[in-house]
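Let's take a walk through this one together, going from one contact to the next. Have the structure open as you read.

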Amino acid sequence: MMIKQISVFLENDKGRLAALCRCLADAGVNMSALSIADTPEYGLVRIVCNEADKAKAALDAAGYRARVTKVTAVAVPNRPGGLAELLETLDDADISVEYGYCFSHQDGNAIFALKVTDSAQAAEAVFAIERAGFQILEEGELD
Amino acid sequence: MADEHDGTAATGNAEAADVTYLPHEKLEEMQLEGVRRTLVNCYEHIPFYKRSFDEAGFDPYHLASLDDLTNAPFVTKQDLRDAAPYGMLAVPLSDVREIHMSSGTTGVATLGAYTQHDLDFWADCFARGIRYAGGGANDVVQVAYGYGLFTGGLGAHYGALASGATVIPTSAGNTERQIRILREMGTTILCCTPSYAMHIADTALEMGLDPSRDFHLKAGIHGAEPFSDNFRAELERKLDYKVLDIYGLTETMGPGVACECLEQDGLHLAEDHFFAEIIDPATGKRLPDGEWGELVLTTLDREASPVVRYRTRDITRILPGECPCGCTHKRIDRLHGRTDDMLIIRGVNVFPSQIEDVMKTFDQVSSWYQIEVGTDERSLDVVTLKAEANPDFDFDQTGAIEALQRQISARLKTDLSVGIKVRIVEPKSISRSTGKAKRVIDTRKGIK
Ligand SMILES: [Zn+2]
């Protein structure tokens, strides 16, 4: 019940992000989400795209440090408090979130991609999320 | 069968065997006599030493102890170059039987000249390497070092002859023929550079040979290039033999200045021909046994090209304690780089190889790294180690990169006594265009 995400380690240097995006574009990869966690020295760029393995191969060939990781993608209802309810659900179940980011689906709904801190709790998180009535998206449901 | 015999009993030269077991006090007496002889020989026959001793106010005629040699000035490779070609000869050219030259990758080559006596003890020193490997009259030694000006080929050749073994002088190159000879002639000891030994091993495996069955090797004596413990293990596995290191340099003789024994724990110095000191390369002060520094050599009975306190620029240490093999000659550790690479950071000497040793203990980083040395606003040295993460390091975890940086930094602090900031960088940040990466970038003022 998870989708593939590409994580790329980038140094904070002029033009690095542009070069990364150009590399993926040249490989014919279409991104549906991109988030950046940055520090003064480097950034972690997380990307959801249509063909994760192809993206990874293109990045490896271009000399990037890239990893394919898995995150849980949850559809968030398009109304005030939608995301708050999702996070409260996880909090109530004592599941902490390592990181997450929102992006919009083409049907107009928001999607929250999240990674739980303790990977052993991933299944438990899915159970709690679905029991609370949220829809979890599978690989392929994003395009 | 050439590979079935008792190594230690089969020593070719009983007298030479004895000297490696002399009580150390006896060796020190010989060394004091030898150093005194060399000081006078140099002072009276080589204008460079006359000038250098006089300038330093050093009296070559009354050396009371080996400790007092610290008052003598050093001689450097540049001094030898400046005196090229014959300015450092202590005998008339008519007494010189052979001349070798160091591979002059940086400018003028330096020269090593040998009288018959010099050639004889060189052979004896290399022969010890063969004896330490358990070799002697019943062995077949294949010399695949290049023959010529380079001291490796003929040094091994003379050494093998002196050991009583049978020599096959293949010289380097023509690997398939080397392999055919290894196989058909029953070679038991292979002498060549470690990289060439690996090439021979890989070629033999590609040819579908099984070295443990097809070859009869018991040892390889591989010098002239530094190699790691992993490299040694791989070579030993591939060729099913023992790999022994040998040290030497043209400026003092050639291979055989120190030879590793089967304990594989340091190289026994030929203390009856050389007096070794370890100094702090920055201050020139002599260091006690066990401490890393620059190896400085004084010849004891070299006739044609004697040296007094020659700075080898090789980094090693004298291993404390006695070797279980019974040889009483002190051991130097395997080389740990060159002084040219040394950094002085806040007064502490740091060798890039020490940093490499620390990095090797972390699976998360590769062996590519770069050290940047600069100064902060208070003019204090600031050192940053840039390291590349390995592809399987999981940096996606929050804080994983910072934790790794902290761990490596803490380990460097413990091992090197210097605070070094560690930064994980992208693979392409560290230039590797020329094959040999530029390891150190020093932007401090006044440092080239
Ligand atoms: Zn030993």
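**Where the parts meet**

A:Arg16 makes a salt bridge with B:Glu426, and their closest N and O atoms sit 2.4 Å apart. By salt bridge I mean a side-chain nitrogen of Lys or Arg within 4 Å of a carboxyl oxygen of Asp or Glu. Before going on, bear in mind that this is a predicted model, where local features need pLDDT of at least 70 and side-chain atom pairs count only at pLDDT 80 or more, while totals for chains, interfaces and linings use all residues. As for bookkeeping, residues are numbered from 1 along each chain as its sequence is written, chains are lettered from A and ligands numbered from 1 in the order in which they are written, and side-chain values use heavy atoms, with hydrogens and water left out.

Back to the two chains. Between chain B and chain A the count is six salt bridges, and there are also 14 residue pairs in polar contact, both residues at pLDDT 80 or more. A polar contact here is a pair of N or O atoms within 3.5 Å; within protein, one must be able to donate a hydrogen and the other to accept it, and residues adjacent in sequence count only if both atoms are side-chain atoms.

Which elements of chain B supply at least two residues each to the side that touches chain A? They are strand E18 (381–389), helix H12 (400–416) and strand E19 (421–425); helices (H or I, at least four residues) and strands (E, at least two) are DSSP runs, numbered from the N terminus. E19(B) gives the most, with four residues. Sorted by class, that side of chain B has eight nonpolar, four polar and nine charged residues. Nonpolar covers Ala, Val, Leu, Ile, Met, Phe, Trp, Tyr, Cys and Pro, charged covers Asp, Glu, Lys and Arg, and the others, Gly among them, are polar.

In total, 21 residues of chain B are in contact (heavy atoms within 4.5 Å) with 22 residues of chain A. The two chains bury about 1900 Å² between them, 42% of it on carbon and sulfur atoms. Buried area is the accessible area (1.4 Å probe) that two parts lose on being put together, summed over both.

Now look inside chain A, which is divided into domain 1 (3–70) and domain 2 (73–137), with bounds from an automatic or database domain assignment. Nine residues of domain 1 and six residues of domain 2 take part in their contact. About 670 Å² is buried between these domains of chain A, with carbon and sulfur atoms giving 61%. The count of salt bridges between them is zero.
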